[in-house]
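Open the model in your viewer and keep the selection panel at hand. The tour goes stop by stop.

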Amino acid sequence: MIKNVDFIDKLRKSGLRPTRQRLKICEVLFDRENTFHFTINDLTKIISDKLSEKISLATVYNTVHAFKNKGYLKEISINSDKSYFDTNTTVHHHFFDEDTNELIDCDESNLEQVKIKNNITGKKINSVEVLIKVASDYQNQK
């Protein structure tokens, strides 16, 4: 279990004042054994339902983005208007289930090495992360 002092340190390093609401956000995000995928709205609902806390959407949004900018969270864009955040900031791949809107880590063993044949001139590749979108195959269920 992570202590409040660690949360306070994360908040301060992210340029945020460690308020009670932000400490609650840290508790939901970082006081867990498994990685966590979420949208801003998901996180707001979890905080409201599980912790019985009312934290404004703006506070959640600003805190999450400050953590992302500092490298404590990774943003995965699904499309132009939907992003998920991940507490696992290492380079890894994801499945996105379009039926359930769930983001799931994809184990390295599920992919062969990704080969990039061309790169943009003057640029180096920092990382390759694959997003695999899946949905029910209704044709095979008939």
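How many helices and strands does the protein chain have? Colour by secondary structure: there are four helices and six strands. The model is predicted. Trace the chain along its sequence and the pattern reads α-α-β-α-α-β-β-β-β-β.

**The whole chain**

Show the C-alpha trace. Its atoms fill a box of roughly 50 × 45 × 30 Å along the principal axes. Now colour by accessibility. Of the 142 residues, 31% are buried. Among contacts with a separation of 6 or more, 47% join residues 24 or more positions apart. Colour by charge next. The mean positions of the 22 positive and 21 negative charges are 8 Å apart.

Select K45 and D49. They form a salt bridge, with the closest N and O atoms 2.7 Å apart. Both sit in helix 3, four residues apart, so about one helical turn separates them. K45 is exposed at 52% relative accessibility. D49 is partly exposed at 47%.

Step on to S52, in the loop between helix 3 (40-51) and helix 4 (57-70). Check its backbone: phi is near 50 degrees, a positive value in a residue other than glycine. Most residues other than glycine have a negative phi. S52 is exposed, at 62% relative accessibility.

Show what surrounds E53. Leaving aside neighbours within four places in sequence, its contacts are R20, K24, I47 and S48.

**Inside helix 4**

Select T63, in helix 4. T63 is buried, with a relative accessible area of 1%. Which residues does T63 touch, not counting those up to four places away in sequence? They are L11, L16, R22 and I25.

Select K68 and E75. Their side chains meet in a salt bridge at 3.0 Å, N to O. Both ends are partly exposed: K68 at 25% relative accessibility and E75 at 29%.

Now take K74 and E129, whose side chains also meet in a salt bridge, at 3.1 Å, N to O. K74 is in strand 2 (residues 74-79) and E129 is in the loop between strand 5 and strand 6, so the pair ties together parts 55 residues apart in sequence. K74 is buried at 12% relative accessibility, whereas E129 is partly exposed at 35%.

Go to N101, in the loop between strand 4 (93-97) and strand 5. N101 is not a glycine, yet its phi is positive, about 60 degrees. At 39% relative accessibility, N101 is partly exposed.

**Last stop: a nonpolar patch**

Which residues make the nonpolar surface patch of about 230 Å²? Select V114, I116 and I125, which make it together. V114 lies in the loop between strand 5 (102-106) and strand 6 (131-134). V114 is partly exposed, with a relative accessible area of 36%. Patch residues need over 30% relative accessible area, so V114, at 36%, passes that cut-off.

Technical notes:
Residues are numbered from 1 along each chain as its sequence is written. This is a predicted model: local features need pLDDT of at least 70, side-chain atom pairs count only at pLDDT 80 or more; totals for chains, interfaces and linings use all residues. Side-chain values use heavy atoms; hydrogens and water are left out. Patches are made of residues with over 30% relative accessible area and no salt bridge: like charges are joined within 9 Å, nonpolar side chains (Val, Leu, Ile, Met, Phe, Trp, Tyr) within 5 Å. Accessible areas come from the Shrake-Rupley method with a 1.4 Å probe; for residues, only the protein chains shown count as cover. A salt bridge is a side-chain nitrogen of Lys or Arg within 4 Å of a carboxyl oxygen of Asp or Glu. Helices (H or I, at least four residues) and strands (E, at least two) are DSSP runs, numbered from the N terminus. Buried means under 20% relative accessible area, exposed over 50%, partly exposed in between (1.4 Å probe, protein chains only). Contact means heavy atoms within 4.5 Å. Lys and Arg count as positive and Asp and Glu as negative; His and the chain ends are not counted. The place of a charge is taken as NZ of Lys, CZ of Arg, CG of Asp or CD of Glu.
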